[in-house]
Amino acid sequence: MNKKEIKIDYWEYDTEQELSAQEQELLKQARIITDSAYAPYSQFHVGAALLLKNGKIVTGNNQENVAYPSGLCAERVAIYAAGAHYPEVPIEAIAVTCKSKTFHVNEPLSPCGACRQAIAEYEMRYKTNIKIILAGETGKIRVVKSISDLLPFMFKAEELKKS
Ligand code: THU
């Protein structure tokens with residue numbers, strides 16, 4: 001029996017101004033779309049903005065439902081919109097942020113497992129890393145260069161082909 005370790009890399013920025021101009025713009029678009037999330041049940045609004053290789057920005061926010069599992073997270077609303085409107089255009093980066101109606105969020109949002117898997121799918125689809133920029137209302141900004149840093153041992157397409 002061997003104990004093994006996985007190393008993940010992430011970057012933390014004290015302020016948004018330390019991000020590149022393009023990343024700041026992406027986070028700005030995520031903040032804008034956060035405000036129009038439909039989250040009457042959780043009061044927790046999430047916004048996601050994707051930067052595509054063609055320069056387009058595609059945004060999405062969480063859409064809740066009275067039958068709770070029928071709702072969808074912001075990341076997947078945005079990613080599936082990009083997949084629908086811009087098939088075959090790789091996604092280079094995603095910024096995700098949040099805002100609660102009941103408390104102040106002072107730390108970066110941590111995407112749910114299902115959204116991590118959805119981001120992983122699009123890294124596999126386009127064979128390219130997707131930079132992930134995570135922010136709260138205030139506080140540090142966390143950045144990873146690939147979903148593999150947020151989802152070690154992810155389920156991959158190759159698994160389906162194993163005999
Ligand atoms: N939510 C997201 O939109 N993205 C995440 O990564 C985590 C959670 C939404 C789902 C639900 O509408 C609300 O936040 C509370 O869980």
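Let's start with helix α1: its buried residues (buried meaning under 20% relative accessible area, with a 1.4 Å probe and protein chains only) pack against β2 (44–52), β3 (57–61), β4 (91–100), β5 (131–134) and β6 (141–144). Packing here rests on contact, that is, heavy atoms within 4.5 Å. Helices (H or I, at least four residues) and strands (E, at least two) are DSSP runs, numbered from the N terminus. Keep in mind that this is a predicted model, where local features need pLDDT of at least 70 and side-chain atom pairs count only at pLDDT 80 or more, while totals for chains, interfaces and linings use all residues. Residues are numbered from 1 along each chain as its sequence is written, and side-chain values use heavy atoms, with hydrogens and water left out.

Which residues of α1 are buried? They are Glu23, Leu26, Leu27, Ala30, Ile33 and Thr34. Looking down the axis of α1, you'd find them within an arc of 125° (taken from the directions from the helix axis to the C-beta atoms), so they line one face of the helix.

Now for the core. A nonpolar core is a set of buried Ala, Val, Leu, Ile, Met, Phe, Trp, Tyr and Cys residues joined through side-chain atoms within 4.5 Å. The largest one here has 28 residues, and Leu50, Ile94, Ile132 and Ile147 touch the most other members. At least two residues of this core come from each of β2, α2 (74–85), β4, α3 (113–126) and β5. A second, separate core has 13 residues, including Ala30, Leu51, Ile141 and Val143. In soluble globular proteins, nonpolar side chains tend to be buried together.

Ile94 is worth a visit. Setting aside residues up to four places away in sequence, Ile94 touches a list of residues that includes Leu26, Leu50, Glu75, Ile119 and Ile132.

Why does Leu72 count as partly exposed? Because its relative accessibility is 30%, and partly exposed covers what lies between buried and exposed, the latter being over 50%. Beyond its neighbours within four places in sequence, Leu72 is in contact with Asn61, Asn62, Gln63, Val77 and Tyr80.

Lys53, in the loop between β2 and β3, has 58% relative accessibility, so it counts as exposed. Not counting residues up to four places away in sequence, Lys53 touches Val89, Pro90 and Glu92.
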